[in-house]
Amino acid sequence: MNRFPVPSRIRQFATRFHDAGFSLYIVGGAVRDQVIGRSTNDYDFATDALPQQVVALFRNVVLTGIKHGTVTVLLRGESYEVTTFRTDGTYDDHRHPEQVHFVSSLADDLSRRDFTINALAAHARTGEIIDLHGGMRDIEDKCIRAIGDPLLRFTEDALRILRGCRFSAQLEFSIEQTTLHAMSSLAHTLVSVSGERVRAELFKILDAGRPSVGLRAMQKCGALEVLLPELAEGASVTQKGNHRFDVLDHAIACCDAAPRGKPLVRLAALLHDIGKPRSKAVSSDGEVTFHQHEIISAQLAKGILDRLKCSNEEKSTVLNLIRNHMFHYTEEWTDGAVRRFINRVGCDAIADLFDLRRADRMAINGESRFDDLVDFMKRIERVLAESSAMTVRELRINGNDLAALGIPRGPLMGRVLDMLLQTVLDDPSQNEPERLRTIARLFHEQRIDVHGR
Ligand code: ATP
Ligand code: MG
């Protein structure tokens, strides 16, 4: 491809710049992806117009990243992110450029970018492709190569090391040797990159066809050890039974096997066994055990998710999956046991937990038949259809009713409600207001008697 097929709305947009004496280019990911043949909707533009000059050209402009020369033009229901050509000032902490300098040449702007494949530009009116760093050839060779001196480029911004791993996963490209060497030499500087930036790249790795490609690149250059040491610890920790892999390889295989488009399930898959190295024990007869590893895994995962600045909702989803990944269903389970399982996991998390379990089993020994899980899911659906209460909120008694019985609001009432729910999970026929009142009263009085309060 030697010309970028510029959509007509973008050509019209570029004409506004042209008529005012400015140039406009499509830059970065959109050109790369177009050349590769991946779909793109996310266009970034670069121009020699200063931000104020862009503001003057259009009626509706939002100053989205004015500090870095970026504004967003709103035009006919579309938005266009436009950045003035710039070079980056000094990076004193491997993070953000302290300041940026606006420049008038596209060439200067392109040479501040990270990888050759990301330094292609397309003229936004004519579609002519400008390739000053051999990006087209590297795309052809499926190669990720830093622009200029890789050591210098990764010293300017350590995040680029992780971005290299991310692009290798997204595009299934390999990393050129000198670039990889520089990544390895400087992987330790990734500690100073903010959790938010690491998280953004990590989630893009999790969203790739095969996250393993990016995770292996991270392992190879040492980024895994620096950013996820708890996971890296699983290397060479062997397992028992029909496990094909050590703990780390199993986690990576499990992550690949979890559904694309469910990044949190993939994250849980990656972290579900990180407690194994610390819980491994070998008995005198040589038997290997990992008692309670799911609890230790969840504790360690909490630390990782905190570092990555994950939201509380993301944390609770991932940790719940990890904590509950060790269920062993058999037909002998009573309906009460099934209801307690549903209550413990939470109705909304069951499909994800099953996804995790399937991925886990595929990663253990390549298993691909899950008849028992299908049976269990049918059983869960049946039990749910028959049951009147799976949560405290569905009990046919509430806090006001309990308060009327003299049970004080607070932790004690919480315990009474929980006890009533356990009773109903065991025997749904107990979910009648009068029954529940009687049970609550008895429980309350007994507690008071027992504790003499
Ligand atoms: P995608 O949007 O698909 O994740 P992208 O290549 O567009 O990929 P962005 O993070 O959106 O990546 O960045 C846009 C462009 O800005 C990149 O293609 C690259 O040229 C440049 N860029 C982004 N981050 C950096 C960085 N840390 N160092 C150097 N150049 C960067
Ligand atoms: Mg982009």
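Modeller: Let us begin with a single residue. The model is a predicted one, and in it Val265 sits in helix 14, which spans residues 263-271.

Colleague: Is Val265 buried or exposed?

Modeller: The cut-off for burial is a relative accessible area under 20%. Val265 has 2% relative accessibility and therefore counts as buried.

Colleague: Which residues does Val265 touch, once residues up to four places away in sequence are not counted?

Modeller: Its contacts are Ala258, Pro259, Leu321, Asp352, Asp355 and Leu356. As a separate reference, Leu402 lies 137 residues from Val265 in sequence, and their C-alpha atoms are 39 Å apart in space.

Colleague: May we turn to the chain as a whole? What does its secondary structure come to?

Modeller: There are 23 helices and 13 strands. The chain is more spread out than a compact globule, because its radius of gyration is 28 Å, well over the 22 Å that the globule rule gives for 453 residues. Along the principal axes, the C-alpha atoms fill a box of roughly 85 × 60 × 40 Å.

Colleague: How should I read burial and contacts at that level?

Modeller: Of the 453 residues in the chain, 50% are buried. If one takes contacts between residues at least 6 apart in sequence, 65% of them join residues at least 24 apart. The chain exposes about 21,300 Å², and carbon and sulfur atoms supply 49% of that area.

Colleague: How far apart are the mean positions of the positive and negative charges?

Modeller: They are 2 Å apart, with 59 positive and 62 negative charges in the chain.

Colleague: How does one decide on disulfides?

Modeller: A disulfide is a covalent bond between the sulfur atoms of two cysteines. The test applied is a pair of sulfur atoms within 2.5 Å, and by this rule the count is 0.

Colleague: How does one read the buried part of a helix?

Modeller: An α-helix has 3.6 residues a turn, so residues three or four places apart point the same way. In helix 2, residues 29-36, the buried residues are Ala30, Val31, Arg32 and Asp33. Their cover includes strand 1 (24-27), strand 8, helix 5 (135-140) and helix 7 (159-171). After helix 2 comes Gly37, with a positive phi near 100°.

Colleague: Strand 8 is part of that cover. What does His123, found in that strand, contact?

Modeller: Leaving aside neighbours within four places in sequence, His123 contacts Val6, Leu24, Tyr25, Glu128 and Ile130. His123 is buried, with a relative accessible area of 15%.

Terms used:
Residues numbered from 1 in each chain as written. Chains lettered and ligands numbered in written order. Predicted model: local features only at pLDDT ≥ 70, side-chain atom pairs only at ≥ 80, totals over all residues. Heavy atoms only, no water. Helix = DSSP H or I, 4+ residues; strand = E, 2+ residues; numbered from the N terminus. Rg over C-alpha atoms; globule rule 2.2 N^0.38 Å. Buried < 20%, exposed > 50% of the residue type's maximum accessible area, 1.4 Å probe, protein only. Contact = heavy atoms within 4.5 Å. Areas by Shrake-Rupley, 256 points an atom, 1.4 Å probe, with all protein chains shown as cover. Lys, Arg positive; Asp, Glu negative; His and termini not counted. Charge placed at Lys NZ, Arg CZ, Asp CG, Glu CD.
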